Amino acid sequence: MSDYAFFEATKIFKRAVPLMVKYKVPTTPHYFSLWYTYCAGTHPQLNRAVDDTVERFGQCSTMHCDTLIESYLLDDAKREVDSFRKKLESLAADLGHSIDDTVQDTQAFQNILNSSVSRLEDVKSQSDISGESQVVLQDLLKGSQHLLQATSQYQLHVSTQKSEIDSLKQQLKEYQKQATHDALTGAFNRRAFEQQLDDLLRQKSEMCLVMVDIDHFKSFNDEFGHQMGDKVLKIVAQRLQQSIETNGMVFRYGGEEFSVLMPQMSLKGAYQIAEKTRKSLERLSVTDKRSGQKINSITASFGVAQFQIGEQGAQFVARADEALYDAKNRGRNRVMPLVR
């Protein structure tokens, strides 16, 4: 990096960090990428969205940051991560196979050496071996022992490399998870939702979509603070996953809204699962450990739609959203199926 580039990057850094502190956003690489891009001014659409968020809410919380990153930065980041991941996966696989073969070959060679050294020691101990033969055996035995020691050290080195490769593979899994999962709730993110929906649409299989929106979520943040709001989001995501079990996938669609894709599920079945989840949330009691304040129940509105052959993904989502809005208009805390 040139001196000028370093100087410019430092100026952007000095502007970005105070903003993160001001809005109580953790200074992690995930969030820093948003604020660095904002302060650099290289993404006008992102800047407008951040400014609109601050103007509307008077802040830009972690929840807002997650939505902005998914909407404006995730595509580029995902392409880079996917490219990097594929290259490393290929390299790790090749190295892993090579090292596995090397470990096996080295172990086999070491076993042969061990057997040979044992036989040489037996022969050397025989009293009827002539002096000259004893010298030859002594040299051969010494050479074999040195080779055995070197082989053991090499095997240890190869095993260490294998551990490093295994560690690299685990890191790759973590990178992949970060690209497809929401950092706060652990649910799949909006990008993963779009990919999964595209896959299911190509299969032209029966499925249902449930759109979920936490009722009066802004009041949680206003009354209890954003940490309590984050806790509510986590609990809702967990309860959704527990309710659907293996019948579908839970996604954080954006802000306080979640979506659930249920392949091979009828409208009636999806409605029953959504109603079960709604009742489960209604019975929850959440306490703020710092203040002792308690949320006696969390309610959410649900919209359920069944996929119709021939419709596009956007139409499918719009119909589920329509059902969700209907649930809200009817007083919230209810499940509304779209029967058409």
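Colleague: At what angle do α8 and α9 pack?
Modeller: This is a predicted model, in which local features need pLDDT of at least 70 and side-chain atom pairs pLDDT 80 or more, whereas totals for chains, interfaces and linings use all residues. Residues are numbered from 1 along each chain as its sequence is written, and side-chain values use heavy atoms, without hydrogens or water. With axes as lines fitted to C-alpha atoms over the stretch in contact, and angles running from 0 to 180 degrees between N-to-C directions, the axes of α8 and α9 are 9 Å apart and the packing angle is about 140°.

Colleague: How are α8 and α9 oriented to each other?
Modeller: The helices are DSSP runs (H or I, at least four residues; strands are E, at least two), numbered from the N terminus. Angles under 35 degrees count as roughly parallel, over 145 as roughly antiparallel, 65 to 115 as roughly perpendicular and the rest as oblique. The angle between α8 and α9 is about 140°, and the two helices are therefore oblique.

Colleague: Which element gives the largest share of the lining of the largest cavity?
Modeller: A cavity is a set of points on a 1 Å grid over the protein atoms alone where a 1.4 Å probe fits but cannot get out, and lining residues have an atom within 4 Å of a point. The largest cavity holds about 30 Å³ and is lined by Val210, Leu240, Ile244, Val260, Met262, Ile273, Ala274, Thr277 and Phe302, that is, 8 nonpolar, 1 polar and no charged residues. At least two residues each come from α8 (226–244), β3 (257–263) and α9 (267–282), and the largest share, 3 residues, is from α9.

Colleague: How are α6 and α10 oriented to each other?
Modeller: The axes of α6 (residues 190–203) and α10 (residues 313–329) come within 10 Å and cross at roughly 115°. Phe193, Leu197 and Leu201 of α6 make the contact with Gly313, Phe316 and Val317 of α10, giving 5 nonpolar, 1 polar and no charged residues. The two helices are therefore roughly perpendicular.

Colleague: At what angle do the axes of α2 and α3 cross?
Modeller: In this pair, Leu34, Trp35, Thr37 and Tyr38 of α2 meet Leu46, Asn47, Val50 and Asp51 of α3, a contact of 5 nonpolar, 2 polar and 1 charged residues. The helices α2 and α3 are roughly perpendicular, for their axes come within 9 Å and cross at roughly 105°.

Colleague: What is the volume of the second largest pocket?
Modeller: A pocket is an open set of grid points with protein on both sides within 12 Å along at least five of seven lines. Among its 20 lining residues, Arg56, Phe57, Met63, His64 and Glu256 lie nearest the centre of the second largest pocket, and by class the lining has 5 nonpolar, 8 polar and 7 charged residues. The largest share of this lining, 5 residues, comes from α3. Taken as the space filled by probe spheres set on the points, which are joined across faces, edges and corners, the volume of the second largest pocket is about 470 Å³.

How values were computed: Contact means heavy atoms within 4.5 Å. Ala, Val, Leu, Ile, Met, Phe, Trp, Tyr, Cys and Pro count as nonpolar, Asp, Glu, Lys and Arg as charged, and the others, Gly among them, as polar.
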